[in-house]
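My entries follow in the order I made them.

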Amino acid sequence: RPPAAAGVDWSPPTPGAPAIPGDGPDGLSSDYRGWTYDDRGLGIKLARLQAEGQLLHAKAARLTQLAATAPPVVRAQLEAKIAVLDTHRTAVGIKRGKINRELAFDFARQVTDYATDTHAQVIAVEDLTTLETRGHGRINNNRAAQSARRQAVTALAHTAAGVGVTVVSVPARGSSAQCPGCDAPLAR
């Protein structure tokens, strides 16, 4: 009998790792016989652009502080530099958006192909907005959910619907609490 579902577990280094769950004495679990998504270097490009955007933002913020107390002639020069930095930052943001979209649809296509190859009718995806990492706070949880992963879920739902596979969200709490290999609780 073919598996009913494929599960996507988000991981820090990659957008996701799909696997097929099995029915065991304690419910559904995975011995992880799936594959890990290869982003073809897009993640490195995104990280570089994010760092560049943050650097541009920091420079503009510092120049804004300096301009607040500068004489009028110097203030005008600083504001011109700030405008150039803002233009560059906007261009970096546009590049990031394009790469995020490309990454999302590439991920969606590969996960959909994996699901159809294993005859799964449902793809279960962790809903990272429900993530409760103790001590890290709501802001870090939101950052994890706001990244390219949200676009990937939207692209996955669109792509999977085209082949008749349903995408469902599952709460993240406890979904990665145990090692898929030995079923022991994970320390981190």
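I began with Ile123 and left out residues up to four places away in sequence; Ile123 touches Ala6, Val8, Val111, Thr112, Ala115, Leu156, Ala160, Val165, Thr166, Val167 and Val168. Contact here means heavy atoms within 4.5 Å.

I noted that this is a predicted model, where local features need pLDDT of at least 70 and side-chain atom pairs count only at pLDDT 80 or more, while totals for chains, interfaces and linings use all residues. Residues are numbered from 1 along each chain as its sequence is written, and side-chain values use heavy atoms, with hydrogens and water left out.

Next I looked up Thr112, which lies in helix α2 (residues 72–117). Helices are DSSP runs of H or I with at least four residues, strands are runs of E with at least two, and both are numbered from the N terminus. Is Thr112 buried or exposed? Thr112 is buried, with a relative accessible area of 0%; buried means under 20%, exposed over 50% and partly exposed in between, with a 1.4 Å probe and protein chains only.

I then listed the contacts of Thr112, leaving aside neighbours within four places in sequence: Ile123, Leu156, Thr159, Ala160 and Val163. A polar atom of the Thr112 side chain lies 2.7 Å from the backbone oxygen of Ala108.

Last, I checked the end of α2 and found that His119 follows the helix, with a positive phi near 65°.

Note on methods: Polar contact = N/O pair within 3.5 Å; in protein donor to acceptor, adjacent residues only side chain to side chain.
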